[in-house]
Amino acid sequence: MGIFSSIKGAIFGSDEEEKTEAAPAAEAPKERAAIAEVDVVARIGSIPGSDKLNWQSSIVDLMKLVQIDPSYANRKELAGEVGIAGYEGTAEQNIALHKAVMQKIADAGGIVPDDLKN
């Protein structure tokens, strides 16, 4: 699984979570919200510690919040996954990386405010 998939899984939930949350056979299974209904800001904002990190604009803080090592190597791999070539870790590239990740989260069905994507 790639870095972006890990971030997406932390926001949307993973297939493994769905399997472990499955109701016993006697009960009707819980309905999960359609992916199109995932409010990304609310979901990330509900993660403990989100109020202490600048995850809204910092890729490093976003990665820390979802418990992914924000090392240069991981950010470089993530940049490749979202289509950013020549990533060197500059402040401008980190901002662009954050926006690209938020755009891909929106493309995957998350509700992401425009100011986080553009």
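**View 1. Lysine 104 over the ring of phenylalanine 4.** In this predicted model, lysine 104 lies over the face of phenylalanine 4, at 5.8 Å from the ring centre. A charge is taken to sit over a ring if NZ of Lys or CZ of Arg is within 6 Å of the ring centre and within 35 degrees of the ring normal. Residues are numbered from 1 along each chain as its sequence is written, and side-chain values use heavy atoms, with hydrogens and water left out. Local features need pLDDT of at least 70 and side-chain atom pairs count only at pLDDT 80 or more, whereas totals for chains, interfaces and linings use all residues.

**View 2. Tyrosine 72 and tyrosine 87, an aromatic pair.** A search of the whole structure finds 1 aromatic pair, and tyrosine 72 and tyrosine 87 form it as a stacked pair, 5.9 Å centre to centre with 20 degrees between the planes. Rings of Phe, Tyr and Trp (its six-membered ring) pair if their centres lie within 6.5 Å, and planes under 30 degrees apart count as stacked, over 60 as edge-to-face and the rest as tilted. Tyrosine 87 is buried, with a relative accessible area of 3%, while tyrosine 72 counts as partly exposed at 37%; buried means under 20%, exposed over 50% and partly exposed in between, with a 1.4 Å probe and protein chains only.

View 3. Serine 6 is found in helix α1, residues 3-12, where helices (H or I, at least four residues) and strands (E, at least two) are DSSP runs numbered from the N terminus. At 28% relative accessibility, serine 6 counts as partly exposed. Leaving aside residues up to four places away in sequence, serine 6 touches Met1 and Ile68, a contact being heavy atoms within 4.5 Å. Serine 6 and isoleucine 68 are 62 residues apart in sequence, yet 7.9 Å apart in space from C-alpha to C-alpha.

View 4. The pLDDT, the predictor's confidence in each residue from 0 to 100, is lowest in helix α2 (residues 15-20), at a mean of 44, and highest in helix α5 (residues 72-81), at 98. Over residues 16-36 the pLDDT is below 50, and beyond near neighbours in sequence this stretch has 12 contacts in the model. Where pLDDT is low, the predicted coordinates should not be read in detail.
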